[in-house]
Amino acid sequence: MSDSPTPDRPAQPALPVPAAPGPAASNPAASSGIAPLRIGDPAPDFAARTTHGTMRLSDYRGRWLVFFSHPADFTPVCTSEFVALARAAERFAALDCALLGLSVDSLHAHLAWIEAIRAQFGAPVPFPVVEDPTMAVGRAFGMLDATARDSATVRASYFIDPAGIVQAITWYPMSVGRSVAEMLRLVAALQRAARGDALTPEGWQPGANIVLPAVRTAQDAADAGPGWFCRTRPDAAP
């Protein structure tokens with residue numbers, strides 16, 4: 001069984017709504033789907049049916065959001081990801097970060113899959129899942145090529161800040177599941193870096209040393225000493 005869409009699956013139409021005029025609308029990724037979104041771009045707004053009712057992406061303004069796509073419901077790799085995300089939902093909530101899933105499957109397929117995950121794995125899925133049968137949302141985010149005829153695409157994740165700006169993007173192939181632990185770590189690192197006074201080094205975890213911003217002048221480098229190009233210090237509580 002592969003993580004590919006099932007043909008002829010009944011679908012209900014999504015309700016994609018174009019983003020309001022502005023930076024997102026002028027972005028080729030948002031308007032044509034030819035190129036993917038880039039870090040620093042506004043996330044295109046949309047409205048669509050979800051397992052929690054009709055929602056807009058802008059409903060999440062004011063908090064962090066991980067918006068992620070999966071190739072198809074009732075497929076093995078996608079199921080393993082959803083089980084892990086469901087079990088980690090409280091850890092994302094502790095970071096004031098919401099989760100929002102998406103695939104081209106219909107709302108009815110989403111609901112049946114979520115119930116099957118609950119029954120088979122004891123993992124209720126607490127976050128909404130968007131139906132995107134026309135692939136309009138996927139194309140707006142660059143998850144799919146503008147000419148794509150099905151959802152055979154990467155596993156895309158967009159880490160969106162409270163202002164609606166894309167701060168990080170990850171793409172995985174269909175055959176490889178994402179690491180929920182790394183998704184949590186990335187959210188925490190983005191939040192720490194957003195404070196503006198430090199950077200986060202390789203593999204950073206909350207409470208570990210942070211990296212100071214680069215020196216700007218020769219005198220600053222001389223004052224900092226031999227390790228001027230990579231200075232760390234214990235992190236202070238926010």
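Of the 238 residues in this chain, 45% count as buried, meaning under 20% relative accessible area with a 1.4 Å probe and protein chains only. Bear in mind that this is a predicted model, where local features need pLDDT of at least 70, side-chain atom pairs count only at pLDDT 80 or more, and totals for chains, interfaces and linings use all residues. Residues are numbered from 1 along each chain as its sequence is written, and side-chain values use heavy atoms, with hydrogens and water left out.

The accessible surface comes to about 11600 Å², and carbon and sulfur atoms hold 59% of that; the areas come from the Shrake-Rupley method with a 1.4 Å probe.

How is the chain built? You'll find seven helices and nine strands; these are DSSP runs, helices being H or I with at least four residues and strands E with at least two, numbered from the N terminus. Take contacts, that is, heavy atoms within 4.5 Å: among those between residues at least 6 apart in sequence, 67% join residues at least 24 apart.

You'll see Pro44 in the loop between helix H2 (28-31) and strand S1 (47-50). Pro44 has a relative accessible area of 3%, so it counts as buried. Val137 is 93 residues away along the chain, yet the C-alpha atoms of Pro44 and Val137 are separated by 8.6 Å.

Last stop, friends: a hairpin. Strands S6 (residues 155-160) and S7 (residues 166-172) run antiparallel, joined by six bridges; pairing takes at least two bridges found by DSSP. Arg155 stands opposite Tyr172 in S7. Five residues sit between the strands, and Gly164 in this hairpin takes a positive phi near 85 degrees.

Definitions and conventions
Buried means under 20% relative accessible area, exposed over 50%, partly exposed in between (1.4 Å probe, protein chains only).
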